[in-house]
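Trainee: I have not looked at this one before, and I would like to go through it with you. Could you take my questions in whatever order they come up?
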Amino acid sequence: QVQLVESGGGLVQAGGSLRLSCAASGRTLSRYAMGWFRQAPGKERELVAVTSWSGGTPYYVDSVKGRFTISTVNAKNTVYLQMNSLKSEDTAVYYCAANRVGSFWSAPDYWGQGTQVTVSS
């Protein structure tokens, strides 16, 4: 079992920054890659970024490349999503997810509860 708890969402003006945190717990975290999804009103859930506890090249959806950074602090079992130069189209509920390494991200194994990010223009 893996438990995920997000924090750090809120209201920010366009061009501003936010950092989301995802505290993970469980005995087998190293078996899982970590990702962030988002879901805007009326839209499908979208995979935003992926990383692993062992490092490597992260994945980003094209719309956030150069603006968002996913990272981990292994000692804290925490995954971060640093979001800079925020745009109104980044407004969504952001979800942390854990997916067994090597599996497709179409249906992650575990989800957090989500945190709202609202970007005002």
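Trainee: Let me start with charges: which residue forms a salt bridge with Glu46?
Mentor: That partner is Arg38, and the closest N and O atoms of the two are 2.8 Å apart. Please keep in mind throughout that this is a predicted model, and that what I tell you is computed from it.

Trainee: Is Arg38 buried or exposed? And what about Glu46?
Mentor: Arg38 has a relative accessible area of 6%, so this residue counts as buried, whereas Glu46, at 29% relative accessibility, counts as partly exposed.

Trainee: How many salt bridges does the structure hold?
Mentor: The structure holds 4 of them. One of these joins the side chains of Arg67 and Asp90, which meet at 2.8 Å from N to O, and this pair links distant parts of the chain, since Arg67 lies in the loop between β6 (59–60) and β7 while Asp90 lies in the loop between β8 and β9, 23 residues apart.

Trainee: How accessible are Arg67 and Asp90?
Mentor: Arg67 is buried, with a relative accessible area of 10%, and Asp90 is buried as well, at 0% relative accessibility. Arg67 and Asp90 are also linked with Arg38 and Glu46 in a network of salt bridges.

Trainee: Where does Lys65 come in, that is, which side chain does Lys65 meet in a salt bridge?
Mentor: The side chain of Lys65 meets that of Asp62, with 3.0 Å from N to O, and here both residues are exposed.

Trainee: Changing topic, which residues touch the most other members of the largest nonpolar core?
Mentor: That core has 31 residues, and the ones that touch the most other members are Leu4, Met34, Trp36, Phe68, Leu81, Met83 and Tyr94. Several strands each supply at least two residues of this core, among them β3 (18–25), β4 (32–39), β7 (68–73), β8 (78–83) and β9 (92–100).

Trainee: Take Leu81 as an example: what is Leu81 in contact with, leaving aside its neighbours within four places in sequence?
Mentor: With those neighbours left aside, the contacts of Leu81 include Leu18, Leu20, Trp36, Ala49, Phe68, Ile70 and Tyr94. There is also a second, separate core of 7 residues, which includes Phe37, Val50, Tyr95 and Ala97.

Trainee: Now the rings: how many aromatic pairs does the structure hold?
Mentor: It holds 4 aromatic pairs. In one of them, Tyr32 and Tyr110 are arranged edge-to-face, with 5.7 Å from centre to centre and 70° between the planes. Tyr32 lies in strand β4 and Tyr110 in strand β10 (residues 110–111), so this pair ties together parts that are 78 residues apart in sequence.

Trainee: Are those two tyrosines buried or exposed?
Mentor: Tyr32 counts as buried at 4% relative accessibility, and Tyr110 counts as buried at 18%.

Trainee: And why is the pair of Phe37 and Trp111 called tilted?
Mentor: The planes of the two rings stand at 55°, with their centres 4.8 Å apart, so the pair is tilted. Phe37 is in strand β4 and Trp111 in strand β10, 74 residues apart, which makes this a link between distant parts of the chain. Phe37 is buried at 6% relative accessibility, while Trp111 is partly exposed at 35%.

Trainee: Which residues do ring pairs link into a cluster?
Mentor: The cluster consists of Phe37, Tyr95, Trp105 and Trp111. The charged end of Arg45 sits over the ring of Tyr95, 3.9 Å from its centre, and that charged end also sits over the ring of Trp111, 4.5 Å from its centre.

Methods: Residues are numbered from 1 along each chain as its sequence is written. This is a predicted model: local features need pLDDT of at least 70, side-chain atom pairs count only at pLDDT 80 or more; totals for chains, interfaces and linings use all residues. Side-chain values use heavy atoms; hydrogens and water are left out. A nonpolar core is a set of buried Ala, Val, Leu, Ile, Met, Phe, Trp, Tyr and Cys residues joined through side-chain atoms within 4.5 Å. Buried means under 20% relative accessible area, exposed over 50%, partly exposed in between (1.4 Å probe, protein chains only). Helices (H or I, at least four residues) and strands (E, at least two) are DSSP runs, numbered from the N terminus. Contact means heavy atoms within 4.5 Å. Rings of Phe, Tyr and Trp (its six-membered ring) pair if their centres lie within 6.5 Å; planes under 30 degrees apart count as stacked, over 60 as edge-to-face and the rest as tilted. A charge sits over a ring if NZ of Lys or CZ of Arg is within 6 Å of the ring centre and within 35 degrees of the ring normal.
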